[in-house]
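Good morning, colleagues. Please look at the model as it comes up.

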Amino acid sequence: MACGSCSTGKDGQPKGCKNNGTCGTDSCNKLTVFDWLSNMSLPNGEKPFEWVEVRFKNGRKHYYKNTEKLTLSIGDIVATQAQSGHDIGMVTLTGELVRIQMKRKKISEKSEEILKIYRKASQKDIDIWSAAREKEEPMKVKARQFAIDLKLQMKISDIEYQGDASKATFYYTAEERVDFRELIKIFAREFKTRIEMKQVGFRQEASRLGGIGSCGRELCCSTWLTDFRSVSTSAARYQQLSLNPQKLAGQCGKLKCCLNYELDTYLDAIKDFPKSDVKLHTEKGTAVCQKTDIFKGHMWFAYEGEWANWHKITKEQAKEIVELNKKKKKISSLEEYAASLLDDTKVEFENVVGQDSLTRFDNPKSNRKRRNNRNKRKKRSPQNKKKNAK
């Protein structure tokens with residue numbers, strides 16, 4: 001995710017705004033919040049809000065109190081308080097919008113567990129932090145191998161070092177409860193640091209790691225979505241999607257969150273249709289619903305025993321037939337109401353842009369031109385000239 005003024009150069013650093021990813025809008029980061037109050041000054045006598053939003057690896061954010069009255073702006077690297085030692089993060093939001101974000105996430109300003117910002121990070125802090133981040137990928141490869149050797153049913157998805165390199169947090173996913181006491185001993189002996197194991201869900205794992213979805217865009221969970229609601233197969237049924245797990249599942253292995261986006265609209269539209277299990281009784285036979293087109297307001301019915309022949313009618317006509325059936329009346333057949341039959345029709349495309357025919361290579365070209373050229377050569381040959389002279 002990048003802002004419009006940042007374009008990646010040959011060295012991998014964003015160019016354009018010249019801030020190397022810490023642009024003033026902070027839109028180079030995950031789950032960012034645009035500071036639309038950045039150009040506005042506070043009224044006279046008002047003090048700036050003391051809390052600051054700080055982002056860590058993979059979009060993890062926390063809120064800290066600026067007790068030292070430091071002048072902070074978006075993009076500053078700061079040293080923050082941790083349970084033991086200190087952590088290094090980037091300021092992503094300041095001012096009154098932090099108050100709104102804390103209220104939205106139900107974080108109290110008077111909480112007993114108030115963490116504070118120590119100072120702006122020095123060059124030594126940044127060097128230690130960068131060196132720790134470079135160790136994470138090699139550690140992840142070794143950690144996964146150790147878990148495989150112990151035959152533990154778990155997957156280590158990510159490792160995050162604390163800013164002072166005194167602790168490493170291992171994020172893992174597992175279907176069931178895992179006894180990793182022996183694994184922690186191996187990690188502590190191999191990596192020589194304090195170890196913390198943290199289990200995350202499959203959706204949280206996808207949001208941390210990020211990726212590209214089947215739609216071609218970045219994953220919603222890693223860019224803006226934070227409320228992971230449960231998704232059921234009924235959402236796909238209401239939207240008349242094929243129940244194919246490979247197509248309905250996202251990178252997390254669960255049903256895609258986007259199945260819920262338009263579900264309410266579909267549910268409202270379905271209310272105007274007769275139920276899909278309703279049967280239409282006619283003199284010709286009983287018809288069962290086979291398909292529904294919510295957008296065009298059409299329904300397809302087929303007689304029992306004649307499943308190959310579908311008859312298309314509108315939802316109003318279906319309601320009318322249902323009302324007649326309730327009065328114990330039958331129509332003669334659906335053909336009277338059918339708008340059209342579902343037949344396979346050949347679609348013909350009109351050439352409106354002056355292109356050549358798509359079937360121009362289907363029929364082989366005639367060899368008439370070649371034959372004419374061959375006859376001309378024979379006439380011009382010396383032997384034929386002598387014959388003609390005689």
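By contact I shall mean heavy atoms within 4.5 Å. This is a predicted model, in which local features need pLDDT of at least 70, side-chain atom pairs count only at pLDDT 80 or more, and totals for chains, interfaces and linings use all residues. Residues are numbered from 1 along each chain as its sequence is written, and side-chain values use heavy atoms, with hydrogens and water left out.

Let me start with the overall picture. The protein has 11 helices and 15 strands; helices (H or I, at least four residues) and strands (E, at least two) are DSSP runs, numbered from the N terminus. Of its 390 residues, 35% are buried, where buried means under 20% relative accessible area, exposed over 50%, and partly exposed in between (1.4 Å probe, protein chains only). Among contacts with a separation of 6 or more, 58% join residues 24 or more positions apart.

Now to the interior. A nonpolar core is a set of buried Ala, Val, Leu, Ile, Met, Phe, Trp, Tyr and Cys residues joined through side-chain atoms within 4.5 Å. Which members of the largest nonpolar core touch the most other members? Within this set of 22 residues, they are Met154, Ile156, Phe170, Leu183, Phe187 and Met197. At least two core residues come from each of H2, S8, strand S9 (167-173), helix H3 (181-191) and strand S10 (194-199). H2 is the greatest contributor, with 5 residues.

Consider methionine 197 in particular. Leaving aside residues up to four places away in sequence, Met197 touches Met154, Phe170, Tyr172, Phe180, Leu183, Ile184 and Phe187. Apart from this core lies another, of 17 residues, including Tyr303, Ala318, Ile321 and Ile331.

I close with the cysteines. A disulfide is a pair of cysteine sulfur atoms within 2.5 Å. How many disulfides does a search of the whole structure find? The search finds 0. For cysteine 220, which is in no disulfide, the nearest cysteine sulfur is that of cysteine 215, 6.4 Å away. Cysteine 220 counts as partly exposed because its relative accessibility is 26%. Cysteine 221 is likewise in no disulfide, and its nearest cysteine sulfur, that of cysteine 257, is 6.4 Å away. With a relative accessibility of 12%, cysteine 221 therefore counts as buried.
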